[in-house]
Amino acid sequence: TYVNLYSQYFKDSLNGIAVGGTTYPGTVICRTTDGGTNWVPLPAIAGFSAEIVMGYDNRIILSGGGGDIFLSTDFGDSWVSVNKHPREEVDAVNIINNNIYACGRSGIFFKSTDDGANFDLSYITAGNKSLWSKALQFLSENLGFAVSQHGQALKTTNAGSSWTQVIRDTTTISCSNQALYFINENIGFVVGYVASNVDIIYKTTDGGQSWSNVQNLAYQNLNCVGFADDMHGAAGGNNSAMLFTTDQ
C-alpha cells in the first residue's frame, strides 16, 4: 500500500491494530483478528499520519501529526476527535448566511453556525481517504463542493456531515485540484494540474455527476478560478498565467 506503519496495539494474542500513514491516503489504520496473519484496512478518519496507538481492551487512543487525538471505544469500528482544534493549515474559508466553513491540510473541516462564535471540527473523508483539501464552496447551507490533492473533488448535501467523490483521486503525487467555482448548483468548474506545468480545467453541468475537461491551455499549474456572471470567467496560475472565457 506504499505507506509507513509506526505503531501497533494488541488487546490479546489474536486482535491487534497497526497505524501509520503518508500524504496518500492520510491516516492508515489496519486491524487483524488472527494474530497478524491477515490485516484489513479500516476507513481513514483524517489526513494526518498516525504515529502512536495505545489501548486497553476495546478502548484505543490514536494520535499523530498536528496534535490530533482520536478515541475509539469499539476497537476501531468508530472514532471521535478528542481535541477539537488541531494545529493544521487552513487553506480556504467560505461564508453562507450565518454559516462559516473552512478546510485545509489533512482534510480538516471546520463549521460554525453562529457567525464564528463556535466551530465544530470534522474531516472531509470519502473513498476511505482524507486528503489535503485545497478549496471549497457552499451554494447553500447544506450543498457544498470541495477539491483536494491527488485530483479529487467532493460534494456534500448535508452541510459537511458526509462527502462523496465526484472526481476520483489518483495515486499520482504531482496531480492536484487547487480551486473551484460553481455558477449554480449544476454548472461548476474545477482547476488544477495533472503534472508539473500541465494544467487541467474540469466542467460539470449536472452538479458533479459527470465532467468534461481540457488540458494544457496555459502550460502552467492553475490555482484559482472565478466568474463575474454566467458567461465571463477567468482562471489563473503560476508565472502570472491567466485564462479568460466569454462562453462558459
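Visitor: Why is Cys 103 called buried?

Guide: The model is a predicted one. In it, Cys 103 has a relative accessible area of 0%. Buried means under 20%, so Cys 103 counts as buried.

Visitor: How do you know that Cys 103 is in no disulfide?

Guide: A disulfide needs two cysteine sulfur atoms within 2.5 Å. For Cys 103, the nearest cysteine sulfur belongs to Cys 224 and is 15 Å away. A search of the whole structure likewise finds zero disulfides.

Visitor: What makes Cys 30 buried or exposed?

Guide: Its relative accessible area does. The value for Cys 30 is 14%, and the cut-off for buried is under 20%, so Cys 30 is buried.

Visitor: Why is Val 53 called buried?

Guide: Val 53 has 4% relative accessibility, and therefore counts as buried. Val 53 is placed in strand β5. Leaving aside neighbours within four places in sequence, its contacts are Ser 7, Gln 8, Tyr 9, Ile 17, Val 19, Ile 60 and Ile 61.

Visitor: How far is the C-alpha atom of Val 53 from that of Ala 18?

Guide: The two C-alpha atoms are separated by 7.6 Å, while the residues lie 35 residues apart along the chain.

Visitor: Which residues have the most contacts inside the largest nonpolar core?

Guide: They are Ile 17, Ile 29 and Leu 62, in a core of 20 residues. Elements giving two or more residues to this core are β2 (16-22), β5, β6, β11 (108-112) and β12 (120-123). Beyond its neighbours within four places in sequence, Leu 62 has contacts including Val 19, Ile 29, Phe 48, Ile 69 and Trp 79. In soluble globular proteins, nonpolar side chains tend to be buried together.

Visitor: Which residues make the nonpolar surface patch?

Guide: Ile 52, Met 54, Ile 61 and Val 82 make this patch of about 330 Å². One of them, Met 54, lies in strand β5, residues 50-56.

Visitor: Why is Asp 57 called partly exposed?

Guide: Its relative accessibility is 47%. Partly exposed covers what lies between buried, under 20%, and exposed, over 50%, so Asp 57 is partly exposed.

Visitor: What is the phi of Asn 216, and where is this residue?

Guide: Asn 216 is not a glycine, yet has a positive phi of about 55°. Asn 216 is in the loop between β20 (212-215) and β21 (222-227). With a relative accessible area of 24%, Asn 216 is partly exposed.

Methods
Residues numbered from 1 in each chain as written. Predicted model: local features only at pLDDT ≥ 70, side-chain atom pairs only at ≥ 80, totals over all residues. Heavy atoms only, no water. Patch = residues over 30% accessible without salt bridge, like charges linked within 9 Å, V, L, I, M, F, W, Y side chains within 5 Å. Areas by Shrake-Rupley, 256 points an atom, 1.4 Å probe, with all protein chains shown as cover. Salt bridge = Lys/Arg side-chain N within 4 Å of Asp/Glu carboxyl O. Helix = DSSP H or I, 4+ residues; strand = E, 2+ residues; numbered from the N terminus. Buried < 20%, exposed > 50% of the residue type's maximum accessible area, 1.4 Å probe, protein only. Core = buried A, V, L, I, M, F, W, Y, C linked by side-chain atoms within 4.5 Å. Contact = heavy atoms within 4.5 Å.
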